[in-house]
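Hello,

Here is the structure I promised to pass on to you. Have a look at it first, and then read on for what turned up in it.

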Amino acid sequence: MSLPQVVPNILRFDSVISTQEKLRELAALGRGEGTVIVAKRQSKGRGRMDRSWHSPQGGLYLSLLIYPENKKRLTDLSLLAGAVLSQTVKHFLPNEVGVRVGVKWPNDCLINGQKVGGVLCEVVTHGIKQG
């Protein structure tokens with residue numbers, strides 16, 4: 001199985017309300033797959049179930065626009081993204097004794113049991129938020 005090649009189009013901002021909201025706006029205007037929104041901070045970042053997500057300067061806040069071919073496997077994408085996030089964090093941390101990186105189901109990244117990040121996957125169809 002070969003994966004489609006997606007050329008990233010990275011747009012950087014000092015501050016946005018939320019990277020998800022900005023990406024949704026740009027998708028409605030026709031931005032293509034591979035569009036990435038990166039912000040230094042979010043004024044109203046959010047997590048699952050519309051919980052607020054504290055997003056101060058110094059973190060990494062981003063959203064990626066994709067159009068998956070297999071829509072039946074969308075839930076797998078969130079789980080996979082959480083695992084990949086945790087493995088990436090583990091890769092870049094120093095190899096110190098006692099530093100544990102893990103995943104809290106379904107897609108939160110933990111360092112020594114403390115949540116340091118997460119993945120929020122949303123489906124938007126014809127401008128209507130689906131989940």
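A residue counts as buried when its relative accessible area is under 20%, as exposed when that area is over 50%, and as partly exposed in between. Please keep in mind that this is a predicted model.

Are they bonded to each other, or apart? A disulfide is a covalent bond between the sulfur atoms of two cysteines. A search of the whole structure finds zero disulfides. For C109, the nearest cysteine sulfur belongs to C121 and lies 15 Å away.

Next, the sheet. Three strands form an open sheet in the order β4-β5-β6, and their pairing is antiparallel. At the edges are β4 and β6 (114-118), each of which pairs on one side only. From one strand to the next, the twist averages 35 degrees. β5 and β6 are joined by four bridges, and L110 has K115 in β6 as its bridge partner. Helix α2 (residues 74-92) packs on this sheet and touches β4, β5 and β6. The direction of α2 makes about 165 degrees with that of β4.

Two loop residues are also worth a visit. P106 sits in the loop between β4 (101-104) and β5 (108-111). Its relative accessibility is 12%, so P106 counts as buried. Leaving aside residues up to four places away in sequence, P106 touches R48 and L79. The C-alpha atoms of P106 and E21 are separated by 22 Å, and these two residues are 85 apart along the chain.

S55 is found in the loop between β2 (35-42) and β3 (61-64). At 4% relative accessibility, S55 is buried too. Its side chain makes a polar contact of 3.0 Å with the side chain of Q42. Again leaving aside residues up to four places away in sequence, S55 touches R41, Q42, G45 and Y61.

Finally, which residues make up the largest nonpolar core? There are five: L11, L23, L26, I37 and L65. In soluble globular proteins, nonpolar side chains tend to be buried together. Beyond four places in sequence, L23 touches T35, I37, S63, L64 and L65.

Enjoy exploring it!

Best wishes

Conventions. Residues numbered from 1 in each chain as written. Predicted model: local features only at pLDDT ≥ 70, side-chain atom pairs only at ≥ 80, totals over all residues. Heavy atoms only, no water. Core = buried A, V, L, I, M, F, W, Y, C linked by side-chain atoms within 4.5 Å. Buried < 20%, exposed > 50% of the residue type's maximum accessible area, 1.4 Å probe, protein only. Contact = heavy atoms within 4.5 Å. Polar contact = N/O pair within 3.5 Å; in protein donor to acceptor, adjacent residues only side chain to side chain. Disulfide = S-S within 2.5 Å. Pairing = 2+ DSSP bridges. Axes fitted to C-alpha atoms, helices over the stretch in contact; angles between N-to-C directions.
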